[in-house]
Amino acid sequence: MKRLSRIALVAFVALVAPAAFVAPAFADVTVKGSTTSKGMGQSGTMATTTYIKGNKMRTDTVTGDTTRTMIFDVDSQRMYSFDSKKKEADAWDMQAFGASMKNSGVDMGNMKASVKANGKTKEIAGKTAAGYDMEMSLPATMGGANGMKMTVILTGPMWIVKGAPGTAEYLGFYKGALEKGWIFSDPRGAKGNPGMAKAMAEMHGQLAATGGIPYEQEMNVKMGGEGPMASMMAKMGNITSITTVQSVDTGTLSADLFAPPAGY
């Protein structure tokens, strides 16, 4: 059970980490930050670095002595995943994967989502951020259209900086990606929990609608539903993560960053 919960927590971070760290379509941006997560009996802090060049994004997440990398190429509809311990990379055709997700049993018509300004402000990384409250719920099934009925619930405050470096690029990147039905998560995790993956995709759209970049985001995830598995997950409690931006750099990035290393 501990191994299962550790895998679930790492998969959750892989789902949410890109949400706070995306930017350009015509400039290069490097965003460094950290994500602290806890839930399912596990907790930890991971260093994150996100690189953006045009319509390509790379996210590096450091856990212990291992760096896990995900590369999203929106124009070619390809996604790559690899880590620093194995000289091999997984690759996916995201257009085909997106088509398969349409038959995942997730009822998007019954999704409830809102991101509302709360009138608060906060200083983060030398910027003044405006406070927003997010609430989202999505009925779904686990294990396909005929699987166990679940409800994915996301809540938490976020702090948005407007006019910061990369803001226009951030909005342009997400607009193009969402128009193509892009899902910012590892397909292996998304297939196991399509409701979570689609909820995260919707959250990205809600974030873009704020007109700024999230410099800090707290996310509480709870899954409830019917059956013994749903009951067990409810008893295990929420999964919580806090992602915070530490620095933003707009220097030019090498194109080699956005492909698996030579020899993989």
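Helices (H or I, at least four residues) and strands (E, at least two) are DSSP runs, numbered from the N terminus. By that count, the chain holds 6 helices and 11 strands. This is a predicted model, where local features need pLDDT of at least 70, side-chain atom pairs count only at pLDDT 80 or more, and totals for chains, interfaces and linings use all residues. Residues are numbered from 1 along each chain as its sequence is written, and side-chain values use heavy atoms, leaving out hydrogens and water.

**Burial**
- Of the chain's 264 residues, 47% count as buried (under 20% relative accessible area; exposed is over 50%, partly exposed in between, with a 1.4 Å probe and protein chains only).

**Nonpolar cores**
- A nonpolar core is a set of buried Ala, Val, Leu, Ile, Met, Phe, Trp, Tyr and Cys residues joined through side-chain atoms within 4.5 Å.
- The largest one has 27 residues, and Met134, Leu154, Met158 and Tyr215 have the most contacts inside it.
- Strand β9 gives the most to this core, with 7 residues.
- Another core, of 10 residues, lies apart from it and includes Met57 and Ala177.

**An aromatic pair**
- The whole structure has 1 aromatic pair (ring centres of Phe, Tyr and Trp, by its six-membered ring, within 6.5 Å; planes under 30 degrees apart are stacked, over 60 edge-to-face, the rest tilted).
- Phenylalanine 82 lies in strand β5 and tyrosine 264 in the segment after β11, so the pair ties together parts 182 residues apart in sequence.
- Phenylalanine 82 is buried at 7% relative accessible area, while tyrosine 264 is partly exposed at 32%.
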